Amino acid sequence: MAFHIVLVEPEIPANTGNISRTCAATGTHLHLVRPLGFQTDDKTLKRAGLDYWHSVKLEYHDSFDEVLEQYQGHRFFFATTKAQKRYTDFTFQDGDFFVFGKETKGLPEELLAQHPETLLRLPMSDAVRSLNLSNSAAIMLYEGLRQTGFTGLD
């Protein structure tokens, strides 16, 4: 098994490209939920992912409900600045999904309301609204990998 990162309606190709590189380096599955704010042949997207796209386990979905339906029984954790719990308050296991929203708006309020027990946030000062999406995804993913002993990684 492996961890999964889900990007719900990502808008900035460089962020998605950076996340794809992190996924390639860690054996993490990447799920992109449409609509995307860019074309998948976008030069910036390809440049940020460098020549690692062939190593990314990538799936496209037409809705987040499609992801939930396809992966019933898996655990989903939702990143939001509105969460009460920090990402370090959770114990992750292989196969977990980390879900992130679009850069300008985050995840939809309805989705957050449906999953209050698995909302998580990164601690930060109030000097900024949020951290960069690719940085946030990497931080949370590597915490999951750390907790599971970096299985399969050198």
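Analyst: Patches are made of residues with over 30% relative accessible area and no salt bridge, where like charges are joined within 9 Å and nonpolar side chains (Val, Leu, Ile, Met, Phe, Trp, Tyr) within 5 Å. Accessible areas come from the Shrake-Rupley method with a 1.4 Å probe, and for residues only the protein chains shown count as cover. Met 124, Val 128, Leu 131 and Ile 139 make a nonpolar surface patch of about 290 Å². This is a predicted model, in which local features need pLDDT of at least 70 and side-chain atom pairs count only at pLDDT 80 or more, while totals for chains, interfaces and linings use all residues. Residues are numbered from 1 along each chain as its sequence is written, and side-chain values use heavy atoms, with hydrogens and water left out.

User: Why does Val 128 count as partly exposed?

Analyst: Buried means under 20% relative accessible area, exposed over 50%, and partly exposed in between (1.4 Å probe, protein chains only). Val 128 has 45% relative accessibility, so it counts as partly exposed. Val 128 is found in the loop between β6 (119-120) and α5; helices (H or I, at least four residues) and strands (E, at least two) are DSSP runs, numbered from the N terminus.

User: What makes Glu 9 and Lys 102 a salt bridge?

Analyst: A salt bridge is a side-chain nitrogen of Lys or Arg within 4 Å of a carboxyl oxygen of Asp or Glu. The closest N and O atoms of Glu 9 and Lys 102 are 3.0 Å apart, so the pair meets the definition. Glu 9 lies in the loop between β1 (4-8) and α1 (13-26) and Lys 102 in the loop between β5 (97-100) and α4, so the pair ties together parts that are 93 residues apart in sequence. The structure holds 5 salt bridges.

User: How do you know that Asp 96 is buried?

Analyst: The relative accessible area of Asp 96 is 1%, so Asp 96 is buried. Asp 96 forms a salt bridge with Arg 75, with the closest N and O atoms 2.7 Å apart. Arg 75, at 29% relative accessibility, counts as partly exposed.

User: Where do Glu 143 and Arg 146 lie?

Analyst: Both are in helix α5, 3 residues apart, about one turn of the helix. Glu 143 is buried, with a relative accessible area of 10%, whereas Arg 146 is partly exposed at 47%.

User: What makes a set of points a pocket?

Analyst: On a 1 Å grid over the protein atoms alone, a pocket is an open set with protein on both sides within 12 Å along at least five of seven lines, whereas a cavity is a set of points where a 1.4 Å probe fits but cannot get out; lining residues have an atom within 4 Å of a point. Grid points are joined across faces, edges and corners, and a volume is the space filled by probe spheres set on the points. The largest pocket holds about 550 Å³ of space. Its lining has 25 residues, with Thr 81, Glu 103, Gly 106, Ser 130 and Leu 131 nearest the centre.

User: How much space lies in the second largest pocket, and which helix gives the most to its lining?

Analyst: About 190 Å³ of space lies there. Helix α4 gives the most to that lining, with 3 residues. Among the lining residues are Val 8, Glu 9 and Phe 64.
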